Structure formats: structure tokens, C-alpha cells
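Please look through the sequence and the model shown here before reading on. The paragraphs that follow move from charged pairs to the sheet and then to the helices.

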Amino acid sequence: PREIQQRLAKLPAIGSASFDRAFPHTLRISVAPERSAAVLRSGSRAWLLSAQAKVLRPLTTRPLPQLPRIWTNRATKPRVGFVPGDTGLTRAAAFVARASRAEPSLARRITTVRWQQERLTFVLRSGTELRLGSAAHLHLKLAVARRLLQVLPRSERQRLAYIDLSVPTRPVAG
């Protein structure tokens, strides 16, 4: 089983695998696919990323508009099946996956994810930035953002440049 796990781990589309031996002649293998979380962009090139920031496959132009973009510098050379060495990319992909589980309706509106200097920012389709600060209390910060966007009149939401949620009990909109 260890050799099988090592071989499966090399396949980019495999998220996890488990084994069950049913003696004398049966080996059951359960395989779960990786879930796509974001699109990694570097210039005009794009790759599909999992929630663990594993590069699943290269993408064509204008790929998967429903997934958020994580931009990286042009020097990044992702390879299918590997996690880029940039921990910021790894964290950004994980934050997108957490946001998708915590607030799915809000997560579908995220177009860009930035993780710079330990500060997380989601940019929504409207252009509004959700400045989340650290990733601590992400679930609470996203719930506050969703609620603010629900209660604000449409005219005000369209003019919002940002919502600062770094202190979720005292959000600031501007």
C-alpha cells in the first residue's frame, strides 16, 4: 500500500487515497479527486490550483471565470502536480477554499485574491475590496462582509471601494 500511495500522490488530480485489505484476495482502493479552488496567473499564462495550491493543470486563455485569480510574478514556473514554493500562494489558495466553505454565496463573487505582507484581500466582481487583514477569524470576517453587503443599499454598494474587516467587530467601509 505504501508504494501505491506514493504513486497516487504523484498524480495531480488525486486529492487523497485510502486502502482496505480484505483478505485473502481483495484490496479496495478509494480515491478522492483534488478540488479546484483558484486560477494561478502569471502574465498571460494560467494554471488550475487546488485548495492546497497543487498545480492541477495548465489552462487556456480566459479560463474558468467563476474561480478567483491569484496573481504571481512572471518568474514563477509552476509544474503540474507540484505546489509552488511561494507560501503566499499556498495560503491564498487555502483561504479561498475556506471562504468557499464558510460563505459560498460571497465566495462566488471573489475575482482576485491577494496575500501580501501577511494581509489578505479579496476583490469582488463589483471591484470592492474586502480587506481582511490577517487570516484569523476568517469565517467571522466573511459573515460580517456578507451581512454588510446585504443591508447596504445597492447605490452605496456600487460606490464602495473597500470594506476593512481587519477588526470584524468594527468594520469600516469607504
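How many salt bridges does a search of the whole structure find? The search finds seven, where a salt bridge is a side-chain nitrogen of Lys or Arg within 4 Å of a carboxyl oxygen of Asp or Glu. The model is a predicted one, in which local features need pLDDT of at least 70 and side-chain atom pairs count only at pLDDT 80 or more, while totals for chains, interfaces and linings use all residues. Residues are numbered from 1 along each chain as its sequence is written, and side-chain values use heavy atoms, with hydrogens and water left out.

The chain as a whole gives the setting for these pairs. Its secondary structure comes to five helices and eleven strands, taken as DSSP runs numbered from the N terminus (helices H or I of at least four residues, strands E of at least two). Along the principal axes, the C-alpha atoms fill a box of roughly 65 × 35 × 25 Å. Of the 174 residues in the chain, 40% are buried; buried means under 20% relative accessible area, exposed means over 50%, and partly exposed lies in between, with a 1.4 Å probe and protein chains only. The accessible surface comes to about 10600 Å², and 52% of that surface belongs to carbon and sulfur atoms, the areas being computed by the Shrake-Rupley method with a 1.4 Å probe and, for residues, with only the protein chains shown counting as cover.

The strands can be followed through an open sheet of nine, with mixed pairing and the order S5-S4-S3-S6-S7-S8-S9-S10-S11; two strands pair if DSSP finds at least two bridges between them. At the edges stand strand S5 (55–59) and strand S11 (172–173), each of which pairs on one side only. Strand S6 (residues 69–71) runs parallel to S7 and is joined to S7 by two bridges, with Arg-69 standing opposite Thr-112 in S7. Strand S7 (residues 110–116) in turn pairs with S8 in the antiparallel sense over six bridges, and here Arg-114 stands opposite Thr-121 in S8. These two strands form a hairpin with two residues between them, and Gln-117 in the turn has a positive phi of about 50 degrees.

Strand S8 (residues 119–124) is mostly covered, five of its six residues being buried. On pairing with strand S9 (residues 129–133), S8 again runs in the antiparallel sense, over four bridges, and Phe-122 has Leu-130 in S9 as its bridge partner. The hairpin of S8 and S9 has four residues between the strands, and Gly-127 there takes a positive phi near 100 degrees.

Two helices lie across parts of this sheet. Helix H2 (residues 87–102) lies across strand S3 (36–42), strand S4 (45–50), S6, S7 and S8, and runs at about 135 degrees to S7; contact means heavy atoms within 4.5 Å, and the angles, from 0 to 180 degrees between N-to-C directions, refer to axes fitted to C-alpha atoms, for helices over the stretch in contact. The buried residues of H2 include Leu-89, Phe-95 and Val-96, along with Gly-88 and Ala-92. At 1.5 Å a residue, the 16 residues of H2 should span 22 Å, and the end C-alpha atoms are 22 Å apart, which agrees; the expected span is 1.5 Å times one less than the number of residues. Helix H4 (residues 138–151) lies across S8, S9 and strand S10 (162–164), running at about 150 degrees to S9.

With the elements in place, the charged pairs can be located. Arg-91 forms a salt bridge with Glu-118, the closest N and O atoms being 2.7 Å apart. This pair links distant parts of the chain, Arg-91 in helix H2 and Glu-118 in the loop between S7 and S8, 27 residues apart. Arg-91 counts as partly exposed because its relative accessibility is 36%, and Glu-118, at 49%, counts as partly exposed.

The side chains of Glu-129 and Arg-114 meet in another salt bridge, at 2.8 Å from N to O. Since Glu-129 lies in strand S9 and Arg-114 in strand S7, the pair ties together parts that are 15 residues apart in sequence. Salt bridges that share partners join Arg-114, Glu-129 and Arg-131 into one network. Glu-129 is buried, with a relative accessible area of 18%, whereas Arg-114, at 28% relative accessibility, counts as partly exposed.
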